[in-house]
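Please keep the sequence and the structure at hand while reading.

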Amino acid sequence: MFGPDKCGLDYKLHFIFRHKNPKTGDITEKHAKKPTGSIESYFTDKKTHLYQLIVNPDNTFKISVDGTVVNEGNLLEDMTPPVNPAKEIEDNKDQKPADWDDREKIADPDAVKPDDWDEEQPEKIIDEDAVKPSGWLDDEPEDIPDPDAEKPADWDDDMDGEWEAPLISNPKCADAPGCGEWKPGMIDNPKYKGKWRPPMIDNPNYQGIWKPRMIPNPDYFEDLNPYQMIPIGAVGLELWSMTESIMFDNILITDNLATTTKWTEDTFALKQAQEKSSISGESSYFMMLMNKLSFAAEDNPWLIVTYGMIIIIPIILLSLYIISKGGNQEVVYVLWLHCPVFSILVAVVAQV
């Protein structure tokens, strides 16, 4: 499988080949690594693109788009899973011995909790030295019912319950150090030590992290020529798209690079030139409209005032509206910055 694939915001360029195990005959898929650079532009610029994969007899591969290499590697080194399995594997029958000690650190068995260690002491205690600030309003609550609030006309006590005014900050507390019941703050307890635990020491019996022993892989094989892939008997397109106007054509499979070069010149290169010419033509049409407006203004100078009014008046009105609403001045700046857009509209009106 080779070609572009877009799934959500993930842009891919697949290269997958099926490899046959010479010992068992099983066939597995091998996936090439992802391109290192961004390939998003090839999916979003709505232009014709040439995707090319070259697999060489030295097992190297090269993937390019429009002649620019976007991915390359080696079939023996850059495929997942690898073409050739490991020579050795872990013995799944090997089991960790029951007396294997893999604890790197242990609690010191000789450590003893000190006699003066009090685990009952709290972490925080009341600050006995704290003094209530002068002017503290003990009899004033921090929040009071809003005296200006009125019961809504459509309030139904049976349905909505007894109406209560919403609470607001007590204005009498604004200039006071505090309101309500005063309580001293909490401070760190100097006697607090927490739960006692013995210190950790190096485990004298530490044997390291246990791993099963390695044994020869019974399924091991070595294929040094994975470039000799399963023969291609047909070509198919795997499509699932919700994007319209996607077209494919000119699929070529060959073992002759010169044939590929000639085919590219006769097909893709012509399409590319045609697209560039089309873009250039659209630009020329725009310039032609601008020239017509310029010539018209030379013969009729009053058109310059008309052009200016058409461009400036809508911007001024919109700017005043935004500013009167306390809007974002940056928006106004952007509108002025994009005055050429209104020039295009003028050109279209003049052409009509």
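How many bridges join strand E3 to E7? The model is predicted, and in it two bridges join strand E3, which covers residues 27-32, to E7. These two strands run antiparallel. Within this pairing, His-31 has Thr-80 of E7 as its bridge partner.

The pair belongs to an open sheet of four strands. The strand order is E1-E2-E3-E7, and the pairing is antiparallel. Strand E1 (2-7) and strand E7 (79-80) stand at the edges with a single partner strand each, so one side of each has no neighbour in the sheet.

The structure holds one disulfide. Cys-173 and Cys-179 form this disulfide, and their sulfur atoms are 1.8 Å apart. A disulfide is a covalent bond between the sulfur atoms of two cysteines. The link of Cys-173 and Cys-179 is left-handed, with -120° about the S-S bond.

Cys-7, by contrast, is exposed because its value of 53% is over the 50% cut-off.

The table lists these values.

| Residue | Relative accessible area | Class |
|---|---|---|
| Cys-7 | 53% | exposed |

How values were computed
Residues are numbered from 1 along each chain as its sequence is written. This is a predicted model: local features need pLDDT of at least 70, side-chain atom pairs count only at pLDDT 80 or more; totals for chains, interfaces and linings use all residues. Side-chain values use heavy atoms; hydrogens and water are left out. A disulfide is a pair of cysteine sulfur atoms within 2.5 Å. Buried means under 20% relative accessible area, exposed over 50%, partly exposed in between (1.4 Å probe, protein chains only). Two strands pair if DSSP finds at least two bridges between them.
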